[in-house]
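Q: Please take a close look at one part, the pocket and the elements around it. State the cut-offs as you go.

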Amino acid sequence: MNYWLVKSEPSSWSWDRQVAKGAKGEAWTGVRNFTARQNLVNMKKGDRAFFYHSNEGKEMSGSRKSIKGPTPIQPTRPASLFAVDLKADKPLKTR
């Protein structure tokens, strides 16, 4: 199992929204940075990710679990973007 770091501003995607998705989780999309994209490609089902609220909250809010490996978002493009389905796993203590 590998551990990753995913981040979002709470106004875009918050820990509470992730928890509300329940066991079915949600596709983690919107990654455009090449290095981050490569990390998504390497994420496997069962891997865990720490969820960081950046800019607005600046805190680790919980851990997430990958429930589906990388899937191309635009498979017809040569440098396709990828998504990984994640679900909330455990909240972390915050301030």
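A: A pocket here is an open set of points on a 1 Å grid over the protein atoms alone where a 1.4 Å probe fits, with protein on both sides within 12 Å along at least five of seven lines. Its volume is the space filled by probe spheres set on the points, which are joined across faces, edges and corners. The model is predicted, so local features need pLDDT of at least 70 and side-chain atom pairs pLDDT 80 or more, while totals for chains, interfaces and linings use all residues. Numbering starts from 1 along each chain as its sequence is written, and side-chain values use heavy atoms, without hydrogens or water.

The largest pocket holds about 420 Å³ of space. Its lining (residues with an atom within 4 Å of a point) has 21 residues, and Val6, Lys7, Trp28, Thr29 and Val31 lie nearest the centre. By class, the lining comprises 10 nonpolar, seven polar and four charged residues, where Asp, Glu, Lys and Arg count as charged, Ala, Val, Leu, Ile, Met, Phe, Trp, Tyr, Cys and Pro as nonpolar, and the others, Gly among them, as polar.

Strand 1 (3-8), strand 2 (26-28) and helix 2 (34-42) each give the lining at least two residues; these are DSSP runs numbered from the N terminus, of at least four residues for helices (H or I) and at least two for strands (E). Strand 1 supplies the largest share, five residues.

Both of these strands belong to an open sheet of five strands, with the order 1-3-4-5-2 and mixed pairing; strands pair if DSSP finds at least two bridges between them. Strand 1 and strand 2 are its edges, each pairing on one side only. From one strand to the next the twist averages 45°, an angle on a scale from 0 to 180 degrees between N-to-C directions of axes fitted to C-alpha atoms, for helices over the stretch in contact.

Strand 1 runs parallel to strand 3 (residues 48-53), joined by six bridges, and Leu5 has Phe50 as its bridge partner there. Phe50 also stands opposite Ser63 in strand 4, as strand 3 and strand 4 pair in the antiparallel sense over six bridges. Their hairpin has five residues between the strands, and within the hairpin Asn55 takes a positive phi near 60°. Strand 4 continues the antiparallel pattern with strand 5, over eight bridges; Arg64 stands opposite Ala88 in strand 5.

Helix 2, the helix named for the lining, lies across strand 1, strand 2, strand 4 (59-72) and strand 5 (82-91), at about 75° to strand 5. Contact means heavy atoms within 4.5 Å.
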